[in-house]
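Here are my notes on the model. Please read them with the structure open.

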Amino acid sequence: RPSHFSSRSGPPMVATASRTYSVMSSARPAPELAPLWSAPGEGERLWFLGALAIVRVPGEAVEGRFALIEFLFPHHASPPLHTHPQDESYVVLEGRLRVQAGEDRFELGAGAIAVVPAGVAHTFRVESETARVLVLSTPAGIERFVRDGSVPATSPTLPPADTPRPSPQQLERIFLTHGQANLGPALAPED
């Protein structure tokens, strides 16, 4: 039977060929990991700071080696210039991003990829109306940051304008907890 990552409330569950376990618990998979898969759009759905994040492969399912998150970002979405302890790879599925990584600035369109090594200051801005982007966190960790700053999404869309967000003080604690250092502003539309 197909495996999938549940989007219902409560701790997310991961189904593998051999068993199901809570990805929020300390339960560890058997020493020999089983394959897992999901259908398009399936996963732990979260509204994260104005975007939809779908955790497609949680780090807990692969002993923390990586995590894969699918994002739907709105027009001009841009995080502050920051670093974190994970490599962050982008695969643009739809839309267009302007990326700043270190001293480099470049554009990514549908089908393009970029890798930002851990510790390199980076940000991006969505240049299209929306952008759907797969983000690979190596090792896992970015998905835990996203979870801590999110609320469960009730639909696979961008969040409504009144969706709760963490306060600046809560965000600062989340950044510190996950090793993210904010170094500068987001990219402005004129950048």
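1. Start with helix H2 (168-177). On one side of H2, Gln169, Arg173, Leu176 and Thr177 are exposed. Exposed means over 50% relative accessible area, buried under 20%, and partly exposed in between, with a 1.4 Å probe and protein chains only. Helices are DSSP runs of H or I with at least four residues, strands are runs of E with at least two, and both are numbered from the N terminus.

2. Now the other side of H2. Leu171, Ile174 and Phe175 are buried. They lie on the same side of H2 because they cover an arc of only 100° around the axis. That arc is taken from the directions from the helix axis to the C-beta atoms. The buried residues of H2 pack against helix H1 (142-148) and strand S14 (181-184).

3. The basis of these points needs stating. This is a predicted model, where local features need pLDDT of at least 70 and side-chain atom pairs count only at pLDDT 80 or more, while totals for chains, interfaces and linings use all residues. Residues are numbered from 1 along each chain as its sequence is written, and side-chain values use heavy atoms, with hydrogens and water left out.

4. Ser167 sits in the loop between strand S13 (150-152) and H2. Ser167 counts as partly exposed because its relative accessibility is 24%. Its C-alpha atom is 9.7 Å from that of Gly149, 18 residues apart along the chain. After H2 comes Gly179, with a positive phi near 75°.

5. How many residues of strand S11 (residues 122-126) are buried? The count is 5 of the 5, so S11 is largely enclosed by the rest of the structure. His122, Phe124 and Val126 point one way from S11, and Thr123 and Arg125 point the other way. Strand S8 (residues 97-101) runs antiparallel to S11 and is joined to it by 5 bridges. Val99 has Phe124 of S11 as its bridge partner. Strands pair if DSSP finds at least two bridges between them.

6. Ile113 belongs to strand S10 (residues 113-116). Ile113 is exposed because its relative accessible area is 58%. With Val91 and Leu93, Ile113 forms a nonpolar patch of about 240 Å² accessible area together.

7. Overall, the chain has 2 helices and 14 strands. Of its 191 residues, 44% count as buried. The chain exposes about 9,500 Å², with carbon and sulfur atoms supplying 57% of it. Accessible areas come from the Shrake-Rupley method with a 1.4 Å probe; for residues, only the protein chains shown count as cover. Patch residues have over 30% relative accessible area and no salt bridge; like charges are joined within 9 Å, and nonpolar side chains (Val, Leu, Ile, Met, Phe, Trp, Tyr) within 5 Å. A salt bridge puts a side-chain nitrogen of Lys or Arg within 4 Å of a carboxyl oxygen of Asp or Glu.

Definitions and conventions. Contact means heavy atoms within 4.5 Å.
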